[in-house]
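Reader: Could you walk me through this structure? I am new to it and will ask as we go along.

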Amino acid sequence: MSTGPTVYLETFGCQMNELDSELVRGHLRSLGYRFVEDFTTADIVLYNTCSVREQAENKAYSRLGLVGMRKKAGEQVILGVLGCMAERDGADMLRRFPQVDLLCGPGELDRLPALIDNVRRAEGAAREERMALAGSKSRRSTTLAAAEDHLELLDLSRAFDPSGPDAQRRSAYVRITRGCNKFCTYCVVPNTRGAEVHRPPDSIIDECKRLVDAGVVEITLLGQTVNHYRYSHGLAVDADGREQPQVGPGLAAFRAPIPVGQKVTTFAHLLARIHEEVPALQRLRFVTSYPRDFGDDILDVMAACPRICRYIHAPAQSGSNRILKAMNRGYTREEYLEFIDRVVAKLPDCTIAGDIIVGFPTETDAEFEETVSLLRAVPFKNNFIFKYSPRPGTVAIDRFEDDIPDEVKRLRNNLLLDIQTEVSRTVHASWVGRTVPVLVEEIRDHDAARARDDASPDSALSLVSAHPSSKNVEIRWNRRQATSRHGLQAIGRTPGDLIVAINLPPDAPSSQNAQALVGTVVGVELTAAAPLLMQGKMV
Ligand code: 5AD
Ligand code: SF4
């Protein structure tokens, strides 16, 4: 067994960060590092941070304080900040948090082992030896620069060890695009993750094949605006003729025909290729969709390919045209609704999810009402609702005063949550009576949980629901509901991302045997619905 240094790695924020952390873990493991679950015993503590919303940042800052206390107590520990907060704060973070030893931006994670080495070898290593940030490079402008993109190596280096610690995993992320070119005024992503860079389709398909060979059942393709994937062939090749990642085209490319003689892989082509060339893949998903430029070509491929999940997460953000303009979202309410109409017409059983920001600067009551009416007009399975928070480095923080009082934001937030609950209830109810395939993710032993609960009365039962924009969302049952449950329950998801709880019959195998269901797809008749949860029985 390896005796290398121990590492604790915690991830904040989005699925892109989760994937980055997985790649970092694989990379460090291959170099002899061992991962541990407890930050108080680790030689190296790494936080992969998110700066999309203030809340995630505050959590990360408080973790830095905890590691600072270990250091003050004289312990030898290396503290590294990875991800978007590192990229955005740069040297300023080292000044404000002297306990931080190294910083590594999301586009430079391949350089992390070198940074750790620098810190381990030389106490007081120079600042530049402890920081890997894209800085001004982050908005790369040429295909050549993208061809020199070492981060691609990290994606390509993904470990596929069937005996490795991740071997049990049945669901995996595959990045198709990094960065974002949209510049929504509230959003830090274009600054922290840089310009849109698209990976060559052959690399993506190869990665999908290798994941499936390693036992993966479900793949989620990741991109900030995943439907804007576009790869023009023949423009970025290395000396051996291998295609390289490529900076994305401007928005105009999506509204004009593909130039004659130019071979292009669009998002629709990519989906169709993966579906055809990776036939053993049971479920193919993608997030996050940008409501503009989601063409019928994509919907047609979804309709034709049964293993592509009929689920679209396409954040509307607001129902008011003036606010959408101030957000620089690039579409109107009418265009959003037209897109949804097309989805419903072509894929009647497609589920739709979204995100909304309330309290964007200058949002009036009447404009908020337009968001209310949008929520009522679209059959959203769920919506994640966020209070606007001004983010350093964004256009909005310079351009607008954060003039909506927190109290008003809170009221609007709660009102939308109530309305979304009604809408979710209707959408979930419409599925009752249907039989659907469910990918089992977890087995719950309610009797064991109740025993634990009785021992510690404060603990609430929770069911975790992954979501593209906020890593984990917990649906909490209160104690009374929880204690009314008995026996074993399998928890899983439909292709449309509905969460299903399946009561296993009383003569079901023991909890240990039931674990064998995890990672398999079972047929389930949906028998009842709550706003965010379906009940079902195995058929
Ligand atoms: N304030 C509030 N919510 C935000 N989001 C992104 N930036 C902000 C911000 N500054 C939300 C958007 C996005 C999701 C990932 O986070 O709704 O879709
Ligand atoms: Fe941010 Fe807008 Fe890009 Fe999404 S599309 S990552 S909200 S800039």
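Reader: Which order do the strands of the open sheet of three strands have?

Author: The order is E8-E9-E12, and the pairing is antiparallel. Strands are DSSP runs of E with at least two residues, helices are runs of H or I with at least four, and both are numbered from the N terminus; two strands pair if DSSP finds at least two bridges between them. This is a predicted model, in which local features need pLDDT of at least 70, side-chain atom pairs count only at pLDDT 80 or more, and totals for chains, interfaces and linings use all residues. Residues are numbered from 1 along each chain as its sequence is written, chains are lettered from A and ligands numbered from 1 in the order in which they are written, and side-chain values use heavy atoms, with hydrogens and water left out.

Reader: And which strands stand at the edges there?

Author: Strand E8 (177–178) and strand E12 (246–247) do, each with a single partner strand, so one side of each has no neighbour in the sheet.

Reader: How many bridges are there between E9 and E12?

Author: Strand E9, which covers residues 197–198, pairs with E12 over two bridges in the antiparallel sense, and histidine 198 stands opposite glutamine 246 of E12.

Reader: Is strand E14 buried or exposed?

Author: Five of the five residues of E14 (residues 283–287) are buried, so this strand is largely enclosed by the rest of the structure; buried means under 20% relative accessible area, exposed over 50%, and partly exposed in between, with a 1.4 Å probe and protein chains only. Arg283, Arg285 and Val287 lie on one side of E14, with Leu284 and Phe286 on the other.

Reader: What joins strand E10 to E14?

Author: Five bridges join E10 (residues 218–222) to E14, and the two run parallel; leucine 222 has valine 287 in E14 as its bridge partner.

Reader: Last one, how far apart are the end C-alpha atoms of helix H1?

Author: They are 23 Å apart, which agrees with the 22 Å that the 16 residues of H1 (residues 15–30) should span at 1.5 Å a residue, the expected span being 1.5 Å times one less than the number of residues. After H1 comes glycine 32, whose phi is positive, near 100°.
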